[in-house]
Each structure stands twice: as structure tokens, then as C-alpha cells.
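Subject: Structure handover

Hello,

Here is the structure you are taking over. Please have the sequence and the model open while you read the notes below.

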Amino acid sequence: MEPAASGEQPSVVEGKEGEAALDSVGALLHVLGKVSFDIGDQDADSIRRTFERWAQHVLVGAPLGERGGEGPESSRGVRRDWGALRNFVASHRRREVAYVVKALTDLRKAAWAFIGAFARALGEDGQSDATVRAQLGRLEDAVRSNDTDALRREASSAIDLVGAAIEKRAERHRAQLGELASHIRNLSLELENAKKQGQMDAMTRIYNRACLDDYVARTSELCAVFTQPACLMMLDVDRFKQVNDVQGHAAGDEALKVVADRLVRLFPRRGDLVARFGGDEFAVVLRDVRLEDARMLAQRLVEAVRGSRFEHQGRQVVLSVSVGVAEWRMGDTSETWFARADAALYSAKQAGRDRWADGSSAVTARSSLSPASSRATAGPSS
């Protein structure tokens, strides 16, 4: 069956073979939408919804932009714009190819920038080292000659030359490091955004534990190399077990979705990452954010969730969260950073829940926290 060109009268699909073809095209559009990824300023969710609308158009003849039809039987006799569908898929595919080609080009540029800077540094350092070695050779000759004037002169020259070489090398390395930092920051965002695709928690539709672990590790490395500030938040739903036991697991699932929605709305920056840590625990990674700003954000988070409610089987479920905040410190690993944020979370829970605490003085393991010490860093209660 030949697809009609855009603007031509679409043909009517009839018979079992036609119905099977429609189902196959619809399934293919579902798959293309499901595996979509961010392309420039168009995010994966909007692309997925567009493919979903096309799938509905093919399967049940729904007008584009609307959902229509009651089932497979409604697809008989309807007219579908096959030409427009072909143009849409081809255009989207061209955009995907252009985006991937650009990303690979940027990756190659960053790699060559690193190689070029390293090669220049080796060459310049070699020339500088050769000059210094020559001067030290002249100083050694002056020492052997017992000529005090020559010794004083060559020693002074050696000191000046070595000092100038060290300063020049330091300035060059700072400039090269700044150039590389810019390339690597941009590249790290592109690579992380690409890697995060498909690493979603199925229920809450935020990033999962595997993605969180990787992002925290990469953030720790960037902080160590470029001395960037970063903060990690750990939080859980207060008295979540009680919600599950009294209201049931369906109510518990709804509570997690509500908290996840609040987190996504509160932390929309591209460099932020919101993830489900496990069970009723969540985590937020905040890049380029210092502890004083993270404290304010933690307070806003507590207030945003406080009093959130939803109805389940005729009963109101009211939510609150406890939050622990830890700023990245020089020498931190992923494990120590997580441990300090987790200890701060435990401080907030021990101090009464529905509040935040920071890790500036919290110990690094839950088991060693006492109620008295945990209250020392707790933020204000409701």
C-alpha cells in the first residue's frame, strides 16, 4: 500500500492485513517516542507526546493534537494523513542525526583541545627546563672556578631565571586549566544528559539510584579538579511506614509521586539532579551551590511539602519530609559525601521531623549519632 503524498487524499485501510499494518505502524511510533531523547530546546517528554499523538492518529484516526476513537474498530474507514506522518518522521530523524553529529563533533573538539594543550605544555616546559639547566650549568662552573664575582652573578641569574620560569609555568597552567575546564564542563553536561536518558524510576518518573550514584561520582571528580561548590540533599517522607500500614501500598505510592513532583518543580535547573534513592528516600544533587544557599533551598523544600495532601479511599493523607544537607569537601568521595548527608538527615528526624539539618557538624554514620548531638544542626520546625 503506497502512502499518499502530503496534501493528497489518504487511502482507506481495510481488511485484516490493513489492520495489522496499522497496528505495526502504531507500535513503531510508540517505540520511537519511548526511546526519544532531548534535542536542543525540545525535551524528550514533548517528543514522546508528539509521537503518541501520531500513534493515535494512525491507530484510531484521532485528529492531530487530540485523542480520539474508542478502540480498534473505530479505525475502519477513517482517513489518515500518511504524507504528513512521513514528513514528520523524516524531519525528526534529520534533527536527531544533526544533534548526534554535533555532540560527537563537540566531543572530538574537547579531546583535541586537551591533547593540544598537553602537547604545548610539554614543549614549553621542555624549553624552559633546558634554559634553567643551562643556567645551572653556568652556576656550577662558577662554583668550581672560585670566582666570587662570577659565582654571585650566576647565582643571581639562576634565582631570577628559576623564579621567572616557575611563575610563567604557573600562569600558563592556570590558563590551560581554565580553557580545559570550560570544554569539560560543557562536555560533561552533554554526556550526562545523554546518559541519564532511560535511567528513570518507573513509578515516580525521576532519575533512579544508578543514575544518582554515577552523577554524584562525576560531580565529586569535577569539584576536586575545578574547586566547584556542590551540595547533596538526602530526604525521606516522614512516617511513611505508617502511611503504608494504615492506608495501604497504593497510598504510599501516591505519596512518593507527590513528593517527587514537588522536588522536580523546586529544582528545575539543568545542572540539578533529582533522584529516588530507594524506598521513601530521595536525593538532590546541586552543582555550583554553596552550603548557605542549599540551607535556604532545604527550608523551601520542607515548606513546599509541608501540608501537601491527597485523598485516598475517602481519607486525607498529609505529608511532610525531613531533609539532610551536606556540602562537598576537599577529599570527599561519593561514600563520605553520601554519609554526611545521610547523617544530617538522621539529625533532622531525631530532632522531630518536618525540618532540615546540615552536615557541617553531623557525624558520618547514623549509628554514632546521639539525639543530643543531632539536634545541634537542625533547622526550625513547623
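**Notes on the model**

Q299 is found in helix α8; helices (H or I, at least four residues) and strands (E, at least two) are DSSP runs, numbered from the N terminus. Q299 is buried, at 17% relative accessibility, where buried means under 20% relative accessible area, exposed over 50% and partly exposed in between (1.4 Å probe, protein chains only). The side chain of Q299 makes a polar contact of 2.7 Å with that of W356. A polar contact is a pair of N or O atoms within 3.5 Å; within protein, one must be able to donate a hydrogen and the other to accept it, and residues adjacent in sequence count only if both atoms are side-chain atoms.

This is a predicted model, in which local features need pLDDT of at least 70 and side-chain atom pairs count only at pLDDT 80 or more, while totals for chains, interfaces and linings use all residues. Residues are numbered from 1 along each chain as its sequence is written, and side-chain values use heavy atoms, with hydrogens and water left out.

**Overall**

The protein chain has 382 residues, of which 41% are buried, and contains ten helices and seven strands. Of its contacts (heavy atoms within 4.5 Å) with a separation of 6 or more, 66% are between residues 24 or more positions apart.

The average pLDDT (the predictor's confidence in each residue, from 0 to 100) is 78 for the protein chain, and 68% of the residues score at least 70. Residues 1-13 have pLDDT below 50, and this stretch has 28 contacts in the model beyond near neighbours in sequence. Residues 66-76 also stay under 50, with 18 contacts beyond four places in sequence.

**Strand β3**

How many residues of strand β3 (residues 281-287) are buried? Seven of its seven are. In a regular strand the side chains alternate between the two faces of the sheet. In β3, E281, A283, V285 and R287 lie on one side and F282, V284 and L286 on the other, and all are buried.

Two strands pair if DSSP finds at least two bridges between them. Strand β1 (residues 230-237) pairs with β3 in the antiparallel sense over seven bridges, and β2 (residues 273-278) runs antiparallel to β3 with five bridges. E281 in β3 is the bridge partner of D236 and also of G278. Two residues separate β2 and β3 in a hairpin, and G279 in the turn has a positive phi of about 60°.

**Cores**

A nonpolar core is a set of buried Ala, Val, Leu, Ile, Met, Phe, Trp, Tyr and Cys residues joined through side-chain atoms within 4.5 Å. The largest has 35 residues, and M233, F267 and V323 touch the most other members. At least two residues of this core come from each of β1, α6 (240-247), α7 (249-266), β3, α8 (291-305), β5 (315-319) and β6 (321-327). α7 gives the largest share, eight residues. Another core, of 19 residues, lies apart from it and includes L212, A230, A275 and L345.

Leaving aside neighbours within four places in sequence, F267 is in contact with M233, D272, V274, V284, L286, L297 and L301.

**Cysteines**

A search of the whole structure finds zero disulfides, a disulfide being a pair of cysteine sulfur atoms within 2.5 Å. For C223 the nearest cysteine sulfur, that of C231, is 9.1 Å away. C223 is buried, with a relative accessible area of 2%, and C211 is buried at 3% relative accessibility.

Regards
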